[in-house]
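Morning, everyone. I have one structure to walk through today. Let me put it on the screen.

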Amino acid sequence: MREAKGQGEPVMVVQWWSRRWARLRVAGEDGMTTAEYAVGTLAACALAAVLYKVVTGGAVGSALQSLIVKALHASF
């Protein structure tokens, strides 16, 4: 490896870092970060809990039960 004049760093390492930095600047943000995954998972769990409470509630539960009973006793 050659040394950069007056810098003391190998030229190949500097070139690698400059290429790497250029690729990162061009790439942008392609996916979600860990924090975004955590917030998304928390929101999905909260929605599931709310839906569970609604479905197992009195009015919705009795409506589903009557729908199932009607379907089972339907004549063909």
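Start with the fold. Read along the sequence, the pattern is α-α-α. That gives three helices and zero strands. Keep in mind that this is a predicted model.

Next, confidence. How does the protein score on average? The average pLDDT is 79. At least 70 is reached by 76% of the residues. Confidence is lowest in helix 1, residues 11-27, where the mean is 78. Helix 2, residues 34-55, has the highest confidence, at 90.

Now the surface. How much of the protein counts as buried? The accessible surface comes to about 7100 Å². Carbon and sulfur atoms account for 67% of that surface.

On to the aromatic rings. How many aromatic pairs turn up in the whole structure? The search finds one. The partners are Trp-16 and Trp-17, with ring centres 4.7 Å apart. Why is the pair called edge-to-face? The planes sit at 80 degrees, and over 60 counts as edge-to-face, so the label applies.

What about the accessibility of these two residues? Trp-16 has 39% relative accessibility, so Trp-16 counts as partly exposed. Trp-17 has a relative accessible area of 53%. The cut-off for exposed is over 50%, so Trp-17 counts as exposed.

Conventions
Residues numbered from 1 in each chain as written. Predicted model: local features only at pLDDT ≥ 70, side-chain atom pairs only at ≥ 80, totals over all residues. Heavy atoms only, no water. Helix = DSSP H or I, 4+ residues; strand = E, 2+ residues; numbered from the N terminus. Areas by Shrake-Rupley, 256 points an atom, 1.4 Å probe, with all protein chains shown as cover. pLDDT = per-residue confidence, 0-100. Phe/Tyr/Trp six-rings, centres within 6.5 Å; stacked < 30°, edge-to-face > 60°. Buried < 20%, exposed > 50% of the residue type's maximum accessible area, 1.4 Å probe, protein only.
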